[in-house]
Each structure stands twice: as structure tokens, then as C-alpha cells.
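Dear colleague,

Please find below the structure that I am handing over to you. My notes on what was found in it follow.

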Amino acid sequence: MRKRLSRRSFLKSGVGTAVAAGALRSGLLAQTTATVDKGPTVLRQFAYSDVQLLDGPMLGQFRANHEFFLAIDEDALLKPFRQRAGLAAPGPDMGGWYSWSDEFDPPNNMTGYVPGHTFGQYLSGLARAYAATGDQPTQAKIHRLVQGFAEAISPKFYVGYPLPCYTFDKINCGLIDAHQFAQDSGALPALSRATDAVIPYLPPHALTRPEMAARPHPNISYTWDESYTLPENFFLAWKRSGDKRYFDLARRFLQDTDYFDPLAAGDNVLPHRHAYSHVNALSSASQAYLVMGSEKHLRAARNGLGFVLAQSFATGGWGPNESFVEPGSGGLADSLNTTHASFETPCGAYGHFKIVRYLMRITGDTRYGDSMEKVLYNTILGADPLQPSGFSFYYSDYNNHGAKVYYPEKWPCCSGTFPQVTADYGISSYFRSNDGVLVNLFVPSRLSFDLKGTRVTLEQQTSYPYSNEVTLHVTAETPQTFAIALRVPAWAGPHTSLAINGRRWEGDLHPATAASVQREWKTGDTIEYSLDRTMRLEAVDAQHPNTVALIDGPLTLFATNSPESRFTRAQLLAARQNGSLWIADSAIAPVTFKGFPDIRHEEYRLYHEVAG
Ligand SMILES: [Zn+2]
């Protein structure tokens with residue numbers, strides 16, 4: 001039996017109760033949760049432990065970050081908190097943004113900017129990595145870090161601290177993840193005390209940057225706090241602890257008047273706002289929908305992400321100089337000559353993955369998955385690894401003379417989100433529907449889940465996006481009838497095809513939908529999915545129709561070592577693939593193009609001026 005799952009029927013295919021990731025695995029939710037989500041969803045997340053990445057670049061990046069933070073010095077991580085609490089504080093100073101420093105003089109000298117700010121994110125990344133791997137030394141490290149942090153909680157920590165909301169939000173995330181995913185019994189008591197410590201330093205409600213600037217502030221950095229991102233983790237803290245104080249705090253910091261109300265009404269209030277934190281805030285709106293059933297907040301999240309997608313680069317990245325541009329201004333094209341800070345990549349990708357997962361769960365719309373894979377292959381998967389010294393990849397550079405570099409300050413924000421987004425690769429790859437499974441990302445991986453008391457495994461093999469072919473092997477303890485749905489990207493060409501056990505599937509493979517095959521699946525069944533990767537050009541914005549990037553399927557291609565080459569549209573579209581390279585003729589000589597993950601130290605160029 002087979003059926004095509006159009007987007008409309010996909011939307012109707014099931015209304016379930018949202019369950020937080022990991023809850024099924026740990027069973028903790030049932031013991032501690034005070035609520036059931038009120039906002040219905042079409043899809044649900046799998047637990048971290050249900051998805052194992054197999055050999056490939058995504059597993060490589062996840063493992064590198066996991067090993068990096070498993071090896072990091074615990075005394076060094078705890079030092080800023082112990083120092084403020086007046087405790088013995090052994091171990092080295094990490095430096096950069098992470099350690100207290102008298103040098104701090106924003107915006108000229110950012111050393112000592114937000115001490116301890118990424119502690120919670122490193123803890124969260126480890127907790128999610130533990131959930132995905134079950135690695136005991138990781139769990140033991142999490143328990144030591146939570147205990148060490150709990151001992152160092154002090155009301156003095158936030159005295160004279162420029163961004164209390166920012167740092168506390170990450171601590172909240174780390175502690176609720178340590179509780180949820182690493183079964184840390186001390187994490188929620190620590191969160192309660194950490195909340196007591198920060199409350200005197202929280203503003204009365206979420207503040208915009210102009211509102212912060214209108215208040216007394218010792219220096220400019222006090223106007224950069226991100227109180228409007230607090231609700232997401234407060235809602236999660238409420239769900240995971242049952243303590244209503246967190247629910248009340250979440251509602252208090254929903255930035256309705258200045259942000260969610262106009263977004264919900266279709267008013268694009270993004271221009272000139274700080275990019276990453278306002279995308280991150282859309283996840284707070286999504287939680288408001290899930291927890292309270294607030295349709296207004298869902299509209300705000302959907303419209304907000306829609307406005308972001310409408311002003312994205314061909315890579316899926318957004319926000320040059322960490323700011324949104326005026327629609328219709330040609331601002332994206334202008335940035336190609338004026339900045340190298342084109343997209344804040346680990347933070348931006350983390351926020352993008354998160355809001356896309358929320359909106360896919362809520363709506364079932366697979367076009368959100370298209371935007372996730374664009375950001376995956378063209379931004380974060382090309383981020384250079386963290387350095388033990390604390391230097392981190394931060395900005396993707398789309399300047400006409402682009403290059404990959406590390407951020408000059410050690411331990412910036414992006415060192416915190418990088419291990420989180422890579423730990424989330426598995427749960428971003430598959431979703432559970434009421435009638436089966438949606439395959440969202442095409443990545444070597446193994447999904448195992450319980451279906452009507454039977455263990456079912458899907459093993460996915462592919463070298464996509466460098467090839468068209470994706471193969472899925474089914475294993476089931478007993479034959480089971482369910483649906484396996486595959487995302488059909490909006491760019492998929494007419495030769496996209498699907499075969500079950502070697503026989504061509506005759507259902508519809510409409511772009512921007514999911515193709516759903518419902519039948520009795522048994523061990524040995526094989527799905528062969530071939531995605532027709534169309535080659536196309538995409539203009540940077542409507543004001544510059546002849547400034548174009550070359551895209552093959554989900555992969556945006558960068559011209560390397562030839563920044564001044566001139567191409568015609570036909571030359572670009574005729575680029576020939578050879579493994580992980582593409583060759584296009586130009587006015588002078590053939591030019592090599594690469595995807596972002598394959599660029600090392602060579603100069604590259606994303607956009608090309610072509611004749612109309
Ligand atoms: Zn960042």
C-alpha cells in the first residue's frame with residue numbers, strides 16, 4: 001500500500017501531544033511534569049538516544065566537539081563562579097570572554113566581557129552528547145560540573161555584570177539539560193538557587209536595545225542583554241521541574257508589545273535588530289504556543305522566520321554584521337563589499353535548527369527542513385573546529401574576497417552553541433508522525449524506535465549532497481505496517497525517484513512535500529531514493545538580479561582562488577561535478593568551485609556579477 005502525503009494531508013495526518021525530547025527515554029517527564037502541552041503538533045521529536053549518526057562529516061563534527069568538551073579543564077570552567085563566591089579557585093584562566101579581566105573596555109577591548117557565559121552551553125552540549133551516546137565518563141563529568149557549580153552559586157555573581165539575562169539563560173539551559181538528559185539529581189536544586197541569585201538583576205520585563213540604552217548603563221555592553229530569549233528555557237524548566245515560578249518568569253519575559261505582537265500581525269520589525277538573539281527569541285514564541293496554546297505566538301514565530309528566510313543569503317545564512325537589513329534596500333548585496341562578518345554561524349545555525357524543529361513539529365511543513373539542510377551544508381558543517389586555546393569559528397564570510405578565519409577573542413558565544421547544534425544533528429534528522437516516521441535529513445545514520453511494542457530500525461546510507469542516492473534499510477523484530485515519509489526538497493527535479501525493494505514507486509514526488517510510503521515493512525526491505533539535484537542561480541536580493549550564487553541541490557558553491565573571474569549564466573549553470581569539486585568555464589580559464597565544508601584556507605567568492 002502506498003500513498004502520497006501531500007502537504008495538506010501531511011498537516012492533517014495527526015495531531016499529537018508534544019513530548020519533550022528525551023522524556024520517553026528517561027521517564028523523568030512523567031514523574032516531575034506539571035503540565036501537558038496545550039498547543040497541538042503534527043510531528044514529535046525522537047529522543048537523542050534513538051538516532052545514531054554513522055561515519056560522515058556530521059558524525060565527525062559531533063565527535064570532535066564531544067571529545068573537546070569531555071577533555072576541558074573543570075577547574076578552569078568553574079573558576080569565574082568560584083572567584084565571585086570567594087572560594088578557592090584553582091586552575092588556569094580561560095581568558096577571552098570567559099574570565100574576569102580589568103582590561104574589559106567595550107567595544108574596544110572585549111577581554112573579560114561575560115565571565116562564565118558559556119558554562120551552561122558547554123554543560124548542555126555534554127548532556128545532549130551523553131543522551132546520544134550513553135558515554136559514562138561524559139555523565140560523570142556533567143555530575144562533577146553541576147556539583148562544582150552548585151557550590152559556587154553566589155548572589156555576588158551578577159554584581160556589576162553587564163548581561164545577566166544572557167548568561168543566566170545559558171545556565172538555565174545547561175542545568176535543565178543535565179537533569180533531563182544526564183539524570184543529574186542536583187541540577188534542579190542548583191537551578192532553583194541560581195534563579196534566586198539572578199532575580200534581583202533581571203529587568204521587570206523584556207527590554208529592547210533602545211530601552212536598555214535609555215536606562216543608566218556604565219558602558220555600552222549593558223545595552224546588549226537578551227532578556228527576550230529567556231522564556232524558552234523558563235518554559236522548559238517549568239515543564240521539567242513542575243515549579244510554577246519558571247512558568248511565571250517565562251510569561252514575564254515574552255516580548256509581546258515590541259516583537260511578537262507586530263510579527264503576529266505580519267509587520268516585519270526585524271530590520272536593524274540583533275540577528276541571532278531575535279531568531280533565538282522565536283523559539284520562545286514557539287514554546288509559548290506549545291505550553292499555552294497561544295496561536296498569536298505561533299503566528300509570530302512563523303512570520304518571523306518567514307521574514308528571516310526572505311532576507312537570507314544563498315547559503316541560508318542571514319544577518320550581516322549581526323543585524324537584519326531593510327527589505328527592498330539591497331542591503332544584503334551591499335554587505336558583500338563592506339563586511340566580512342556575514343553570518344554568525346554556530347549561534348545562527350543553532351537558533352535556526354531550533355526554530356525549524358519547532359515549526360516542523362507544529363506544522364509538519366517540510367519546507368522548513370529544506371531551510372535546515374541549506375544552513376547545515378552551507379554554513380555550520382564548514383565551521384572550523386574549536387581550538388584548545390579557545391579560538392572559535394564565528395562568522396561565515398561572504399565578502400567578495402572571502403576567507404575562513406577564527407574570531408580574535410577566545411571563548412566567544414559561538415564556542416557555546418557549536419557543541420549544542422552538533423549534538424542536535426541526530427534529533428534534527430528524523431521526526432515521529434502519528435503513522436510512522438519522517439526522514440528529514442539525508443545523512444548516514446541509524447534510527448531505532450519502538451512501534452506497537454516492536455523495535456524498528458532504519459539505517460540510512462548516503463554520500464549526499466555529493467551524490468543523489470540515499471538508501472534506507474529496514475529491520476523490524478516482526479513485520480509492521482507504518483509510513484516512512486521522505487522529504488522532497490522544493491528544488492527537487494523531475495528525475496527524482498523512489499524504489500522499494502528494487503521496484504519503482506509510482507506515487508507522487510512533488511517538490512516541497514513529503515512522499516509517504518505506507519505498507520507492511522519487514523526486515524530486509526530497502527528504499528532507494530534518488531534526489532534530482534537541480535543546478536540553479538540565485539540572486540542575492542531583488543535589487544541585484546545579476547549578482548548570483550551557483551547552487552547544486554542543497555549545496556551552494558563557492559568559486560575558489562579566482563576572485564576576479566567573470567562568468568556568464570550559461571557557464572555557471574554548466575559547471576561539471578568531479579567528486580567534491582565543480583569546474584566552470586570563465587572568461588579566462590576554468591575555475592574550481594567547492595561547497596563550504598570543503599574550503600580550507602583558500603580565498604573564495606560566493607556571488608558573481610553576470611550579464612543580464
Ligand atoms: Zn555566536
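A donor, as the word is used here, is an N, O or S atom within 2.8 Å of the metal. The model is a predicted one, and by this definition the zinc ion has the protein donors Glu 344 (OE), Cys 347 (SG), Cys 413 (SG) and Cys 414 (SG), at 2.1 to 2.3 Å. The angles among the 4 donor atoms run from 93 to 125°, and the site is tetrahedral.

Along the sequence, the donor residues follow the spacing E-x2-C-x65-C-C. Glu 344 belongs to strand S3 (residues 343-344) and Cys 413 to helix H19 (residues 413-423), so this pair ties together parts that are 69 residues apart in sequence. Glu 344 and Cys 413 are both buried. For Cys 413 the relative accessible area is 6%; Cys 347 is buried as well, with a relative accessible area of 1%.

Helix H7 (residues 136-151) has 16 residues and spans 23 Å from its first C-alpha to its last, close to the expected 22 Å. Its buried residues are Thr 138, Gln 139, Lys 141, Ile 142, Leu 145, Val 146, Gly 148, Phe 149 and Ala 150. Among the elements that cover these residues are helix H4 (57-70), helix H5 (74-85), helix H6 (119-133), helix H8 (164-182) and helix H9 (187-198).

In helix H13 (residues 256-264), the buried residues include Asp 256, Tyr 259, Phe 260, Pro 262, Leu 263 and Ala 264. The cover over the buried residues of H13 includes helix H14 (275-292) and helix H15 (295-309). After H13 comes Gly 266, which has a positive phi, near 85°.

Finally, a word on confidence. The chain has a mean pLDDT of 94, and 94% of its residues reach 70 or more. Over residues 1-33, however, pLDDT stays under 50, although the model has 86 contacts beyond four places in sequence for this stretch. Where pLDDT is low, predicted coordinates should not be read in detail.

With kind regards

Conventions. Residues are numbered from 1 along each chain as its sequence is written. This is a predicted model: local features need pLDDT of at least 70, side-chain atom pairs count only at pLDDT 80 or more; totals for chains, interfaces and linings use all residues. Side-chain values use heavy atoms; hydrogens and water are left out. Donors are N, O and S atoms within 2.8 Å of the metal (3.2 Å for Na, K and Ca); water is not among the atoms, so sites may look incomplete. Four donors count as tetrahedral if all angles lie between 85 and 135 degrees; four count as square planar and six as octahedral if opposite donors are over 155 degrees apart and all others between 65 and 115; anything else is irregular. Helices (H or I, at least four residues) and strands (E, at least two) are DSSP runs, numbered from the N terminus. Buried means under 20% relative accessible area, exposed over 50%, partly exposed in between (1.4 Å probe, protein chains only). The expected span of a helix is 1.5 Å times one less than its number of residues. Contact means heavy atoms within 4.5 Å. pLDDT is the predictor's confidence in each residue, from 0 to 100.
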